[in-house]
Amino acid sequence: MSARLAQKIAFTILLLATLLVVLPVIFILGIIVAKGASAISWEFLFSMPRDGMTAGGIFPAVLGTLYLVLGAVLFAVPLGVLAAVYLVEYSSDNWFSRLVKLAIVNLAGVPSVVYGLFGLGIFVTFFRFGASILSGSLTLGIMILPVIITSAREALESVPRHFRTVSLSLGASRWQTIRHSVLPHALPGILTGMILGLGRAAGETAPILFTVAAFYLPRLPQSVFDQTMALPYHLYVISTQVPGIAENVRYGTALVLLTLVLLLNLAAIVLRSRFRRKKKW
Amino acid sequence: MVSAPAKFSIAGLHVHYGKLCVLRDLNLDIQANEIFTVIGPANSGKTTFLHALNRLVDLVPDSRLSGDIRLDGVDIRCGLEVEALRRKVGIVFALPLPLPISIFENVVYGLRMQGVRDAAVLDEAVERSLHESYLWDEVKDRLRSPAMNLSGGQQQRLCMARILAGRPDVLLFDEPTSGLDPISTARIEETMLNLKEKYTIVLVTNNVAQAARVGERTAFFLMGDLVEVSATSKMFTAPADSRTSDYITGKFG
């Protein structure tokens with residue numbers, strides 16, 4: 001076989017593999033948009049479900065998901081960023097920091113249903129928060145902590161060493177150096193991680209299953225101790241648990257969830273590229 | 001000159017990085033308002049010597065410093081806070097390293113960290129220190145533009161202004177012209193000669209001619225040992241040690 005022919009075959013195989021990777025994405029998007037677009041309306045997005053979810057809108061689920069995501073981020077971002085600052089700026093490479101890093105990697109690999117059970121045990125039962133937005137947010141928050149910490153660590157490590165040396169050499173304390181010469185330059189990277197975590201939290205079903213999600217609750221939550229509907233769980237319910245839901249409502253719900261997550265990811269990508277363009281060192 | 005109280009007096013200084021000994025039993029005095037130059041080949045401990053004087057050595061993991069360094073008679077390790085020491089003993093690094101903020105903010109960075117908020121004080125410090133580093137005329141109309149947009153030589157003079165803003169006692173220069181063209185180099189040297197009226201200057205350079213041009217006394221370091229320290233004119237005409245003359249005349253480098 002000639003070298004030229006071998007090369008042609010190799011290229012064809014590589015191209016086919018790439019297409020195979022892209023095809024499912026296109027199919028999923030295509031089917032969801034084709035079958036769900038007709039359900040999308042102002043009323044669908046912003047009104048209560050009626051008649052056992054067979055009619056009306058999905059507003060409580062949209063709002064519930066936004067609350068949960070917001071709560072998760074409010075909990076996980078400060079905690080994760082502070083931990084990352086400690087790991088990058090303060091701790092030396094000893095058994096403790098290695099153990100913490102190992103724990104973070106492991107945390108990232110825990111299946112989401114385990115987080116759900118953990119949340120049920122700790123927040124719902126032990127702390128007596130009940131099935132509530134608080135329990136769900138905290139559970140989601142712990143789930144996205146590894147994403148937040150890892151991206152914050154990378155962002156901090158990408159700030160050049162000499163910023164710290166220069167700042168310290170000008171008589172700044174270590175904390176002033178972190179506060180004024182490291183964190184501001186790591187902020188876009190930290191935000192990117194935050195948005196990725198947000199997208200993950202918005203789409204997960206298992207962690208909210210036992211901790212917050214309501215099967216059918218056609219009113220808006222009044223406090224953090226209320227249950228709420230949420231998009232991923234609502235989608236599961238109307239797709240498998242309740243008969244007689246119109247197909248375009250099911251796909252419409254999926255489309256809303258997908259759009260929400262994609263928008264969040266898009267925001268992360270835009271932010272990151274702007275950051276890279278601004279970076280001049 | 002020897003009878004005057006020394007600005008820096010260093011006795012029995014050793015610096016180790018892990019098991020590696022980078023400075024060995026160093027004893028010397030640096031007088032006030034002199035330009036003290038340090039020459040020597042690569043890896044002779046020159047930069048470590050500078051970094052010991054304002055405790056930047058502390059930033060190196062596994063570094064160990066023993067011996068005695070006194071600034072105006074005060075032990076720099078237990079006599080004063082490290083932040084205060086670094087404000088008194090400013091350093092200009094080998095590469096121009098402005099922070100990615102405006103020219104103005106670079107100059108006032110140290111003052112802001114001290115808690116100075118008064119805009120008039122900051123403005124005055126910026127104008128004074130940029131005059132002192134001969135950069136004022138070139139940047140006075142664009143103080144708010146990014147420091148990264150300046151040329152290399154301008155950036156290096158900005159780095160000088162940045163330490164001058166805090167009214168230090170001692171200026172440490174670590175091969176400040178190694179990345180610059182001859183004209184920028186000449187401007188930096190001229191600036192140093194003018195600054196010695198008010199400040200004590202320690203200049204590390206791997207450019208022997210530069211030490212001869214601006215130095216008053218010169219120390220020759222080799223592999224972590226201080227080989228010789230004497231008046232610059234004497235070192236370049238009649239060095240006491242044969243290794244010094246070999247280095248100066250370019251037999252090794």
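**View 1. Buried residues in chain A.** Of the 281 residues in chain A, 41% are buried (20 or more other C-beta atoms within 10 Å of the residue's own, with C-beta atoms placed from the backbone). This is a predicted model, where local features need pLDDT of at least 70 and side-chain atom pairs count only at pLDDT 80 or more, while totals for chains, interfaces and linings use all residues. Residues are numbered from 1 along each chain as its sequence is written, and chains are lettered from A and ligands numbered from 1 in the order in which they are written.

**View 2. The elements of chain A.** Chain A has 11 helices and two strands (DSSP runs, numbered from the N terminus: H or I of at least four residues for helices, E of at least two for strands). Starting at the N terminus, the order reads α-α-β-β-α-α-α-α-α-α-α-α-α.

**View 3. Helices α6 and α7 of chain B.** Here α6(B), residues 152-164, and α7(B), residues 182-195, have axes that come within 9 Å and cross at roughly 15 degrees (lines fitted to C-alpha atoms over the stretch in contact, with angles from 0 to 180 degrees between N-to-C directions). The two helices are therefore roughly parallel to each other (angles under 35 degrees).

**View 4. Who touches whom between α6(B) and α7(B).** From α6(B), the contact uses Gly152(B), Gly153(B), Gln156(B), Arg157(B) and Met160(B); from α7(B), it uses Ser184(B), Arg187(B), Ile188(B) and Thr191(B) (in contact means C-beta atoms, placed from the backbone, within 7 Å).

Technical notes
A residue is buried if 20 or more other C-beta atoms lie within 10 Å of its own, exposed if 12 or fewer, and partly exposed in between; C-beta atoms are placed from the backbone. Angles under 35 degrees count as roughly parallel, over 145 as roughly antiparallel, 65 to 115 as roughly perpendicular and the rest as oblique. Two residues are in contact if their C-beta atoms, placed from the backbone, lie within 7 Å.
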